[in-house]
Amino acid sequence: MMEMRPAIRSDEFQVRTLVDARCAWQEARGLESWRPALEHMVAQCDNPDGDVWVLVDDQAGVVGQMLVQDVGPPWGWTDAERAEPALYLSGSITRPEMPGRLGETMALWTVDRAARLGIPWVRRHCQVEAVARYNLTQGFALVREEQRTNAHLWMMARRSERLDLSDRLRGRPALPRPR
């Protein structure tokens, strides 16, 4: 079984292994690698804001990491959208050799968590069309596309809802750590 929990400093070694595995997977396929961001992604384990979460498998250890924030980027969303309560997903990364749809598990956990917290929306953006298509399979809807200076973005959203994730995760999702 797996669980989502806030990342902690002692996760750094496993997150480094996770990111390194994903980078090797990207590089083997000729995709842009996250290797230049490896140290930053590892350092996020020690984030005092409690917005970095890890997906932990009982046997394999840390198999996913993502940021779940309550404030989105200053671009891509209208003023009215930014005024609505929402959780924003970014920086999702999973171990490529693990079976199952780990990214989907993390996203659905966030959809359920938002509903448990009374937050109506989960929003995300991505820069890769294939990732945008994958996010659509998780129930996210394309809100708009936006061209930034150096990136084309797909802005996506999904209404929160209570989901039964017992086949993917054990227990209830943890609530945010006090700030």
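Predicted model: local features only at pLDDT ≥ 70, side-chain atom pairs only at ≥ 80, totals over all residues.
Residues are numbered from 1 along each chain as its sequence is written, and side-chain values use heavy atoms, with hydrogens and water left out.

**Entry: helix H1**

I take helices (H or I, at least four residues) and strands (E, at least two) as DSSP runs, numbered from the N terminus. H1 has 17 residues and reaches 24 Å from its first C-alpha to its last, close to the 24 Å expected at 1.5 Å a residue. The expected span is 1.5 Å times one less than the number of residues in the helix. Just after H1, I found glycine 30 with a positive phi of about 75°.

**Entry: helix H4**

I ran the length check on H4 too: its 15 residues should span 21 Å at 1.5 Å a residue, and the end C-alpha atoms are 21 Å apart, so the two agree. H4 is mostly covered, with 13 of its 15 residues buried. Glycine 118 follows H4, and its phi is positive, near 75°.

**Entry: the cores**

I then turned to the nonpolar cores, each a set of buried Ala, Val, Leu, Ile, Met, Phe, Trp, Tyr and Cys residues joined through side-chain atoms within 4.5 Å. In the largest core, which has 26 residues, Met4, Leu55 and Trp109 touch the most other members. At least two residues each come from strand S1 (2-6), strand S2 (52-57), strand S3 (61-69), S4, H4, S5 and strand S7 (152-159). H4 gives the largest share of this core, seven residues. Leaving out residues up to four places away in sequence, methionine 4 touches Trp53, Val54, Leu55, Met66, Met106, Trp109 and Leu169. I also noted a second, separate core of 15 residues, which includes Val15, Cys23, Val62 and Ile93.

**Entry: the largest pocket**

What is the volume of the largest pocket? I read about 1,300 Å³. A pocket is an open set of points on a 1 Å grid over the protein atoms alone, where a 1.4 Å probe fits, with protein on both sides within 12 Å along at least five of seven lines; lining residues have an atom within 4 Å of a point. Of the 37 lining residues, Gln26, Trp34, Ser92, Val128 and Val131 are the closest to the centre of the pocket. S4 gives the largest share of the lining, six residues. By class, I noted 19 nonpolar, 13 polar and five charged residues in the lining.

**Entry: two single residues**

Histidine 125 sits in strand S5 and counts as partly exposed because its relative accessibility is 23%. From methionine 156 it is 31 residues away in sequence and 5.8 Å away in space, C-alpha to C-alpha.

Proline 74 lies in the loop between S3 and helix H3 (79-83). Proline 74 is exposed, with a relative accessible area of 68%.

Technical notes. Points joined across faces, edges and corners; volume = space filled by probe spheres on them. Nonpolar A, V, L, I, M, F, W, Y, C, P; charged D, E, K, R; others polar. Buried < 20%, exposed > 50% of the residue type's maximum accessible area, 1.4 Å probe, protein only. Contact = heavy atoms within 4.5 Å.
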